[in-house]
Each structure stands twice: as C-alpha cells, then as structure tokens.
Amino acid sequence: MASTLYGHLATPTLPSRKLSSLSCPTMFHSALSFSIATTKAKHGSAPKVVCNAQSAPAALNLAPGTPVRPTSILVVGATGTLGRQVVRRALDEGYDVRCLVRPRPAPADFLRDWGATVVNADLSKPETIPATLVGVHTVIDCATGRPEEPIKTVDWEGKVALIQCAKAMGIQKFIFFSIHNCDKHPEVPLMEIKHCTEKFLRDSGLNHVVIRLCGFMQGLIGQYAVPILEEKSVWGTDAPTRIAYMDTQDIARLTFIALRNENINGKLLTFAGPRAWTTQEVITLCERLAGQDANVTTVPVSVLRFTRQLTRLFEWTNDVADRLAFSEVLTSDTVFSVPMAETYNLLGVDAKDVSSLEKYLQDYFTNILKKLKDLKAQSKQTDIFF
C-alpha cells in the first residue's frame, strides 16, 4: 500500500544543492506550486532567498479513509531533545503514541519501555513514510537533520514529502515546530527552510498549528553546566544575542493544550521563556550555581564569519558553511524572545507555571552536586571524575 500511495505523490525537484535553487514544482500533480527564488546581493554577499508560494486546487485524498481516534498521534523526531518530551507528555495524557524513528544500530528501546509504538522510517527516503501514517489522527513534527547531513535532506525534502503524505492520507492535524524570527533571516539556510516549510504547510490545506521556538534549556546542560563541573573549556562568543530559553517539558505541555484548542487551528504561535539571556549571563549563572569558575574560551563572531566564507569555497564543506550561517544572526543584536502574556491567555496557562532558567539550572546543579557528594563519600578516591 505504501509503495502504491507513494506513486501518486509528486517528488520535489532539487536540481542543485544550493538553497537558491530549491524548488518543489508540483504537489499531487500540480496541486500546489512552490518555489524559492533568488535575487543577487550586492558586493558579493550571500544570495538573498525569497519564498514564493502559490495556492492551487486542493489535493484529492486517494480514498475516503477510515475514522481514527483523535488520541492517535505520530511523533516525528521522537528521540530528540524535544521529541522525547512530547512523547512522554502524550503518554502521560493518555494518547496512543506512535514514534517515527530512523533504523539505527541502537534501537530506541526507551520509547517502547515508556509505552509508545516505534515504527522505522526515514524522511530522507520518502517511500518509507506513508505506512507510518495509517490510522493516525495527528502528526507532531519535532524532527531536524543531523549535523553530519545536508540541511535540506530532512528539513526540506523530507518535510515536503511528509506534508504531502499527510494530506493524501487524510491526517486531521499537523503540528510543526519552527524557529523564532525565521522569516527575518533568509541568509541562514535552516531558518529560511523553516519559513518556507511554514508556508508550504499552510498552502497544503492541512489543518495545522505552527509553533516557533527560541531555545531549549536542556541544551545548556551539555554546553555549559557539564564542562564547568568537569573543569573543561566552555566555548562561547562575544555576540550580544539574547535567547529566551524554555524547558522542553513546558513546550510539550503547552503544545498539547494548543492541540486540543480548536480556536488555535491555523495559527502561528511563538513559545519563549520568561527572560532572554546572553551567553555570558548563562555562563555566569552556571558558575554561581556550581560554585566554581568556568574556563571560558571566547570565539569572536568575526572568526565564525570568516570560517563560513572559507568553507563556502569548497563543495565538500558547504554543509559546514550552512550551519555556520548562524554567525550572521549572532552578529546582529537579535533578541530571540516575545511577550507571552497573550499566548498564555489564549492557552489558559498561568505564567507562574512555566519554569525559569534560574530554577531549571538550580535544580540540575542541586541534584548533580548531591549525587557527586554521595559518590565521593562512598569512594576512597579523593578526586571524582565523570
């Protein structure tokens, strides 16, 4: 059935690996026209990428479909930082959770242990997608490409195929996680792709909600907290960019509130933490809570920009250049945050129930330092390494 269905889907045409030539000429045999046009920038700077989407007659479902339970959901990217919290929250709230996971040497057994069903598929192989959507009411897309693979493979080609399949198979709702301010930074490939995917999803006709995110508190543990405790170098920049980090558990909780609220269908929401932080402020907070100084290695943003320009000279380093494009955002005095009062009111959430970064990191350091103290008390060694 999967192969039969896939035969009816139009595959995006991607003649070049550069974003300036991304295109998806057809959707369900010309149901949707979507392209990304390029205009030349001055003084040899990176091309400016402009998204153009044009609506056309709605895609026709291949069959009437069988009614499915509203509690049946598919989580794409279930093993990621956000995805696993979405899975846990869904299971806690009584949803029937199916997780789309790439075939991997180490199977995602923890998802099965929690009570979820795991299905193997790969967004970079669109023919594997349709079978995962059978009997699903809602798709929650938390996926993003791995650092070692081209950004467009999963985040553009894979997402286009996923949205096409969801439309063809009558999926009732699609939740897509994007990046705050993605529409303001077309020079950053991932942000430009996220913005174009938002438009592609909207013009597909699917019932959907787009949620833009600023940053995850969980990511700060490996980036700053652990290196400080291990007395290793902490890497930072001299950029003034401020980010309102949010606990992924709070993101998951608010996501399911939005999922159940029919008045939010078709809306674009942005989730942000209570306060926006610079890199130096986060490091200072970690130092205070850890009770020790950090060995900070500061990388000037100018170095990141130069490295990006250098890696753009070679075909085999273009993927690195794409990811270094975030240096373009860091050079601007950008604040990744939004006032949340209106969103909290819309969702019926009390702002006090959303974790602050201070509370999150305080809980982490309190727990880890207690464990280290207990471990040292049980050991004859004077130094504890982990």
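Ala272 touches Cys214, Ala244, Met246, Ser337, Val338, Met340 and Tyr344, leaving out residues up to four places away in sequence; contact here means heavy atoms within 4.5 Å. This is a predicted model, in which local features need pLDDT of at least 70, side-chain atom pairs count only at pLDDT 80 or more, and totals for chains, interfaces and linings use all residues. Residues are numbered from 1 along each chain as its sequence is written, and side-chain values use heavy atoms, with hydrogens and water left out.

Ala272 sits in the loop between strand 12 (268–271) and helix 8 (279–290). Helices (H or I, at least four residues) and strands (E, at least two) are DSSP runs, numbered from the N terminus. Ala272 counts as buried because its relative accessibility is 0%; buried means under 20% relative accessible area, exposed over 50%, and partly exposed in between, with a 1.4 Å probe and protein chains only. Ala244, one of the residues it touches, is 28 residues away from Ala272 in sequence and 5.4 Å away in space, C-alpha to C-alpha.

Pro103 lies in another loop, between strand 5 (96–101) and helix 3 (109–114). With a relative accessible area of 55%, Pro103 is exposed. Its contacts, apart from neighbours within four places in sequence, are Asn120 and Ala121. From Pro103 to Val119 the separation is 16 residues in sequence and 8.9 Å between C-alpha atoms.

For the protein as a whole, the secondary structure comes to 13 helices and 14 strands. Of its 386 residues, 49% count as buried. Among contacts between residues at least 6 apart in sequence, 73% join residues at least 24 apart.
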